[in-house]
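Trainee: I would like to learn how to read features of a model like this one. Please take them one at a time, with the general idea before the case.

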Amino acid sequence: MMKRYRIIFVVAMLLGVYGCSAGPDFSGGRLPRVSAYTPAPLAAQTVSASSKLGDAQTFVNGAEIPEQWWSLFKSKELDALIREALAANPALLAAEAALRQAQEEVNARTGEVYYPGVSLSAGSSHQKVSPAANGLSGGKASIFDLHHASVAVTYVFDFFGGSRREIEAFKAKVDYEKFRLEGAYLSLSGNVVTAVIQEAMLRELLTAAAEIVASQEKQVSLLEKQLMMGGASRADVLSLRAQLEAMRATIPAYQKDLSRTRHQLAALLGKMPEDAGGVSEFNLDAMALPTEIPVSFPGALARQRPDVRAAEALLHAASAGVGVASANLYPQVTLNGAYGPEAGHLEKFFNGESLVWNLGAGVTQPIFNGGALRARKRAALAAYDQAAAHFRETVIGAFQNVADVLKALEADALILKAQSEAAAASREALMIAREQFKVGAVNILFVLNAERQYQETWMNLIRAQAARLADTAALFQALGGGWWHSENPGNGIVKDSKGEGL
């Protein structure tokens, strides 16, 4: 009776140990307590400007970011372009393949840990055995055939949880690849929107430059006629022509940047540069400025940013690595066995008397290895500290990103308002200067100066309009892009390795 109780006690002890895992249990990355994005509170609304894309923007704290945030720009062509990019971009396809690879690594390691290894072996041999091999002298060598077949089973008991921690690390890497995929989706959509805004701005600048060049050509022609009649100096003509050629030189520069942007758009769509001609063209009139801007609460930002979640997944993997290194310090118990026939003649191979089997168990306990196992545990702890520092760095960078864009949107509105007023004033000043020049009230230098000021303010107004669109898109990216509203990984809510919603 006492022996039976001892066996029950030992089994209970082993089962208790088997349910434990060495190393720390991961409870998530440590998040800072943040109540605001910027030191000073943001205004509830930006200023407005009396120009295109000059509407005031209202910051709505705690509002949800839509999954397809780019739809707020109200451009069907932009929506179609992003759908095309999400379906064919090579970087996105690579990220999806990396996720599938990580998932299969989990499946493979799970099968190795939770199920015994079973293998079938069979073979035949023709052998000659000398008596001398057994320490005997004399006698004749034996020649015989040996046929065998067996099923072998091996199982390693994970009493201290090293293998379970290893699977935990693999699952954390699956989460990492999922968030990398979400980040790739966010980055791709953001890059497409930014490239479209850049293209629209360059087309506006080209249009403005072409109009200015046409106007200046007329002025040069008029001034040359006045020169022939003695009403103007050659220096005046040369000054105006220099200004004309300077403006004309900006056109190839804008065209070069436009071509580069078009090539970038083609690449984002998974196309070759020669196919850029088939990509939709954009201008600023085709896009609306979102006037209600959802701004997530600071406490929710870290849960929304794919890069932060990816850094947390790496921290989880590092935590599990500490458990693996800790478990390697403890004994390893292995059970193995084999069963099958073995006979010298094929006719006896299926005879029940030819069956052989073996069953064995082994325990391996590290005793001395030059301190290698403890050094590996210290290395795992250092890797965890490194991952924790990287996680904190990523969190800080995320908040900095949002703070920078929020302040940029405030500044963009002020800049657009000032540029709008400057453009209106310089245009009126130029018209007055031209009328005064016609009646001889001012010289050509006065007109040239007014022309230059108008050109600068017009170009700066276009850039300010594009900046508002670009920084609005940047804010949606900085806040995470709304991926958590979708149902499918990579294009929606990411689930952790246990299949539970985050």
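Mentor: Start at G480, which comes just after helix 9 and has a positive phi of about 110 degrees. Helices (H or I, at least four residues) and strands (E, at least two) are DSSP runs numbered from the N terminus. The model is predicted, so local features need pLDDT of at least 70 and side-chain atom pairs count only at pLDDT 80 or more, while totals for chains, interfaces and linings use all residues. Residues are numbered from 1 along each chain as its sequence is written, and side-chain values use heavy atoms, leaving out hydrogens and water.

Trainee: How many helices and strands does the protein chain have?

Mentor: The protein chain has nine helices and six strands.

Trainee: Where is pLDDT under 50?

Mentor: The general idea is that pLDDT is the predictor's confidence in each residue, from 0 to 100. Where pLDDT is low, the predicted coordinates should not be read in detail. Here the protein chain has a mean pLDDT of 84, with 87% of its residues at 70 or more. Over residues 1-17 pLDDT stays under 50, and the model gives that stretch four contacts beyond four places in sequence. Residues 489-502 also stay under 50, with 35 such contacts in the model. A contact is a pair with heavy atoms within 4.5 Å.

Trainee: What span does helix 9 reach, and what span is expected?

Mentor: The expected span is 1.5 Å times one less than the number of residues. Helix 9 covers residues 444-478, 35 residues in all, and its first and last C-alpha atoms are 50 Å apart, close to the expected 51 Å. Helix 4 (residues 162-228) has 67 residues and reaches 95 Å, close to the expected 99 Å. Just after helix 4 comes G230, with a positive phi of about 85 degrees.

Trainee: At what angle do helix 8 and helix 9 pack?

Mentor: Axes are lines fitted to C-alpha atoms, for helices over the stretch in contact, and angles run from 0 to 180 degrees between N-to-C directions. Angles under 35 degrees count as roughly parallel, over 145 as roughly antiparallel, 65 to 115 as roughly perpendicular, and the rest as oblique. Helix 8 and helix 9 pack at about 160 degrees with their axes 7 Å apart, and are therefore roughly antiparallel.

Trainee: Is S420 buried or exposed?

Mentor: Buried means under 20% relative accessible area, exposed over 50%, and partly exposed in between (1.4 Å probe, protein chains only). S420, in helix 8 (residues 372-438), counts as buried because its relative accessibility is 7%. Beyond its neighbours within four places in sequence, S420 is in contact with A49, S50, S51 and L461. V442 lies in the loop between helix 8 and helix 9 and is buried, at 18%. Its contacts, leaving out neighbours within four places, are A433, Q436, F437 and V447. A235, at 49%, counts as partly exposed. Over the 502 residues of the protein chain, 39% count as buried.

Trainee: Which residue other than glycine has phi near 60 degrees?

Mentor: That is L53, whose phi is positive. L53 lies in the loop between helix 1 (2-18) and strand 1 (58-61) and is buried, with a relative accessible area of 10%. K74, also not a glycine, has a positive phi of about 55 degrees. K74 lies in the loop between strand 1 and helix 2 (76-88) and counts as exposed at 66%.
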